[in-house]
Amino acid sequence: MDVIEVQGLSKVYRSRRGRRTAAVDGLDLAVPEGGVFGFLGPNGSGKTTTIRCLLGLAKPTDGRVRVLGAEGRDQLAEVMPRIGSLVEGGGLFPTISGRENLRLLAGLDGIGWRRVDEVLEEVGLADRAGDAVRGYSLGMRQRLGLAAALMKDPALLILDEPVNGLDPAGIREVRWLLRRLGDEGRTVFLSSHLLSEIELICDAVAVLREGRCVASGRVDDLLATAQGDRLRVRAPDLDAAWLALTDAGMVVERSADALQVSSRDPARVSEVLGSRGIWLTELRAEETSLEEEFLRLTETAPIGAERALT
């Protein structure tokens with residue numbers, strides 16, 4: 001079951017001069033139930049606008065959005081008690097304490113105050129809960145926003161840059177918390193620019209470029225596909241190896257001690273070099289990080305040609 005379904009989503013903004021800017025342009029997206037799903041893209045790719053459309057904070061110009069089976073703002077209101085969210089620019093009252101902020105939310109949602117103390121403990125704010133929010137760092141405000149998102153014990157969490165402003169220790173704690181929530185069967189949908197964190201925490205991802213999805217699927221499938229595109233080659237005579245492979249029509253790049261060959265066929269590489277009497281000392285798939293694959297996708301992927309990996 002998909003807890004988030006987006007079909008042909010577009011959001012166009014008009015300036016005072018009448019200029020039209022498409023923040024999201026024909027986006028298709030499916031997020032399965034359970035686990036942690038990463039939503040990736042460069043600044044301006046449409047991540048926050050999409051999240052605002054999912055939560056009913058922005059009205060789509062075109063397309064369909066379904067969240068927990070609800071479509072449209074009226075239906076969305078019925079499922080909001082099952083959704084927790086942290087959105088860029090979320091409102092907090094700066095002159096009162098973190099605990100008082102959460103108690104106000106608890107009163108609006110009919111939640112007992114005991115839950116306030118539970119979520120403050122979960123996000124590591126229990127010791128500073130009595131301090132006024134105006135004295136909080138950016139990271140502490142993010143923690144408080146995450147605590148607010150957890151108040152309803154939601155089935156679906158929609159989080160926009162949840163570790164923004166956190167120090168390394170805080171990032172590790174939030175990573176552990178979100179991973180635990182996903183393992184419990186909840187769905188955590190999060191956007192982030194920290195690709196190393198996404199690689200560590202997420203089961204699946206979608207990559208946006210210019211308001212459209214250019215790749216989606218499980219993280220390990222995305223990396224396996226990327227790693228299959230390049231081979232690392234080492235031989236006693238790299239110049240001779242480079243010449244043999246380029247003569248065979250292969251695209252080859254050279255580093256200080258190895259060649260990087262754009263190929264998925266190690267047997268062919270071995271055959272070409274063997275025919276020239278060049279014996280390999282190393283031949284393996286080039287390891288690729290999510291950051292490298294992300295950059296490749298967002299810089300070179302043709303718009304309108306999504307690569308699905310599921």
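Predicted model: local features only at pLDDT ≥ 70, side-chain atom pairs only at ≥ 80, totals over all residues.
1. Basis. Local features need pLDDT of at least 70 and side-chain atom pairs count only at pLDDT 80 or more, while totals for chains, interfaces and linings use all residues. Residues are numbered from 1 along each chain as its sequence is written, and side-chain values use heavy atoms, with hydrogens and water left out.

2. Helix pair. Helices H9 (residues 238-247) and H10 (residues 266-275) pack at about 115°, their axes 9 Å apart. Helices are DSSP runs of H or I of at least four residues, and strands are E runs of at least two. Axes are lines fitted to C-alpha atoms over the stretch in contact, with angles from 0 to 180 degrees between N-to-C directions.

3. Contact residues. Ala241, Ala244 and Leu245 of H9 meet Val269, Val272 and Leu273 of H10, where contact means heavy atoms within 4.5 Å. By class, this contact has 6 nonpolar, no polar and no charged residues.

4. Largest cavity. The whole structure holds 2 cavities of 30 Å³ or more; a cavity is a set of points on a 1 Å grid over the protein atoms alone where a 1.4 Å probe fits but cannot get out, and lining residues have an atom within 4 Å of a point. The largest has about 80 Å³ of space. H6 (168-183) and H7 (195-201) each supply at least two lining residues, and H6 gives the most, with 4.

5. Second largest cavity. This one has about 40 Å³ of space. Its lining consists of Glu5, Val6, Gln7, Arg64, Val65 and Arg66. Strands S1 (2-14) and S4 (62-67) are the elements giving two or more residues to that lining.

Terms used:
Nonpolar A, V, L, I, M, F, W, Y, C, P; charged D, E, K, R; others polar. 1 Å grid on protein atoms, 1.4 Å probe; cavity = no way out; pocket = protein on both sides within 12 Å on 5 of 7 lines; lining within 4 Å. Points joined across faces, edges and corners; volume = space filled by probe spheres on them.
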